[in-house]
Amino acid sequence: MSHDGFPPFISAQLQYLLNHYPHTIQVKIASQIPNPRLSRHGQAPGDVIYNAEFPLAAPDVIFGAEDEDFHPFHVLCGEDGDSRLVKNSLTDWNNKDPTRLLALVIELRDKYRSYQEKRVGEVDDDRLKFEISTMVSREGIEMHMSSGVEKPEEVKFAVPLMNMNINKMVPACPWRHPQKIYLQVIYPIGRKYASSPSAPRLKLMCTPELKALFSIDDVKLPSWLDGMCMAEYLPHLEELLQRQVLEAVTLIDVRRQFIEALAPLLGRPLEADPVFCRKASFLVCSGPFTFMLHVFLSTNFPKQQPSLMFQSTQHFNSLGMPVKSPLITEYPWSPRWETSQMADRISDFLVDESLNFKRHCNESHLQH
């Protein structure tokens, strides 16, 4: 990500943060002045805001109304309720040190996790206390107390799943940070009138880069049985995920073999995704008409057939961009075919479809 429009001190701190922080960070430009604003997803909601007019100053840290009692850099002293400022990453700010922003974000995250754990621990809910006691041995669990005037109180957990190193399972893995899958568990609290506890709301989440290998959206969560607790539920879910992640890794080679099977028919790819084998581009000739064929493979290949896109090398639209076809997803396909047959059928499909695309290109050219 480029930060050329920011003052050099800020740009250096942003770059260092994005290169070393393992969690999701958003960088936004605020108002008319290029004020970088950091939004942190997951634990530690809130914004870290620089003032571009005063780039040497420490940034401001702003939290939402729900966290009005969160004062990370103040400690209570004495019985009168007074507080005092303690030394922290802001009081020790050095704009010339590119590591300071990362230190600030990590410190805020750690303090916010402790603040939320304290809030959750004070909740008077027997079921919640029991669930926490069954999960306390798991490392890395994060919790968050959510409350407000117009919404019911609830507690959210982010539970890390599977003690397996996914990075090491991918040859030539490009990921800088460990890839993780979490189960978000949301418990409503304060419903003592309920005759039997309802199932918590469950949702799988993962680090963004993992989607190149494995789609958690395709995972069907196991059913939550009456009377079940998380300690009973999690082993079944982890066993399911382990099988599916292992299958996802083996599918890399299946996609690679398919791309290799296209090469004798379409020529060597101009470019191809060498790690996950999710995309390949070929230069194809149909008589004098030359075009590029982009082949996109989902993580569900071969159950889901590849998406195809044509791109002319000879025709351009009014903006000077190459004419492209819409994504093509309907053509003869069966996941039960041998890899060579899959490639042959796509090659056969291209014979007629390339003529249709050439006609489309010529019509587009006449219109402009």
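How many of the eight residues of strand 9 are buried? Six of them are, so strand 9 is largely enclosed by the rest of the structure; buried here means under 20% relative accessible area, exposed means over 50%, and partly exposed lies in between, with a 1.4 Å probe and protein chains only.

Before you start clicking, a word on the model. It is predicted, so local features need pLDDT of at least 70 and side-chain atom pairs count only at pLDDT 80 or more, while totals for chains, interfaces and linings use all residues. Residues are numbered from 1 along each chain as its sequence is written, and side-chain values use heavy atoms, with hydrogens and water left out.

**Stop 1**

Helices (H or I, at least four residues) and strands (E, at least two) are DSSP runs, numbered from the N terminus. Two strands pair if DSSP finds at least two bridges between them. The sheet here is open, with four strands in the order 7-8-9-10 and antiparallel pairing. Strand 7 (142-146) and strand 10 (201-206) stand at the edges with a single partner strand each, so one side of each has no neighbour in the sheet. On average, neighbouring strands of this sheet are turned by 20 degrees against each other, direction ignored; the axes are lines fitted to C-alpha atoms, for helices over the stretch in contact, and angles run from 0 to 180 degrees between N-to-C directions.

Now walk across the sheet, pair by pair:

- Strand 7 and strand 8 are antiparallel and share five bridges. Pick M143 and you will find its bridge partner in strand 8, F157.
- Strand 8 (residues 154-161) and strand 9 (residues 181-188) run antiparallel, joined by eight bridges.

**Stop 2**

Helix 2 lies across strand 7 and strand 8, running at about 65 degrees to strand 7. Next show helix 3 (residues 126-135), which packs on the sheet and touches strand 8 and strand 9; its direction makes about 15 degrees with that of strand 8. Contact means heavy atoms within 4.5 Å.

Stay on helix 2 and select Y112 and Y115. Both lie in this helix, three residues apart, about one turn of the helix. An α-helix has 3.6 residues a turn, so residues three or four places apart point the same way. The ring centres of Y112 and Y115 are 5.8 Å apart and their planes are at 45 degrees, so the pair is tilted. Rings of Phe, Tyr and Trp (its six-membered ring) pair if their centres lie within 6.5 Å; planes under 30 degrees apart count as stacked, over 60 as edge-to-face and the rest as tilted. Y112 is buried at 0% relative accessible area, and Y115 also counts as buried, at 15%.

**Stop 3: N88**

N88 is buried, with a relative accessible area of 6%. Its side chain reaches the backbone nitrogen of L90 at 2.7 Å. Leaving aside neighbours within four places in sequence, N88 is in contact with F73 and E107.

**Stop 4: two positive phi values**

Select M162, in the loop between strand 8 and helix 4 (166-169). M162 is not a glycine, yet its phi is positive, about 65 degrees; this residue counts as buried at 8% relative accessibility. Then go to A172, in the loop between helix 4 and strand 9. A172 is not a glycine either, and its phi is positive at about 55 degrees; A172 is exposed, with a relative accessible area of 65%.

**Stop 5: an aromatic cluster and a cis bond**

Finish by selecting F258, F301, Y331, W333, W337 and F349, which form one aromatic cluster. From F301, step to P302: the peptide bond between them is cis, with omega near 5 degrees. P302 lies in the loop between strand 13 (289-296) and strand 14 (307-316).

Conventions: A polar contact is a pair of N or O atoms within 3.5 Å; within protein, one must be able to donate a hydrogen and the other to accept it, and residues adjacent in sequence count only if both atoms are side-chain atoms.
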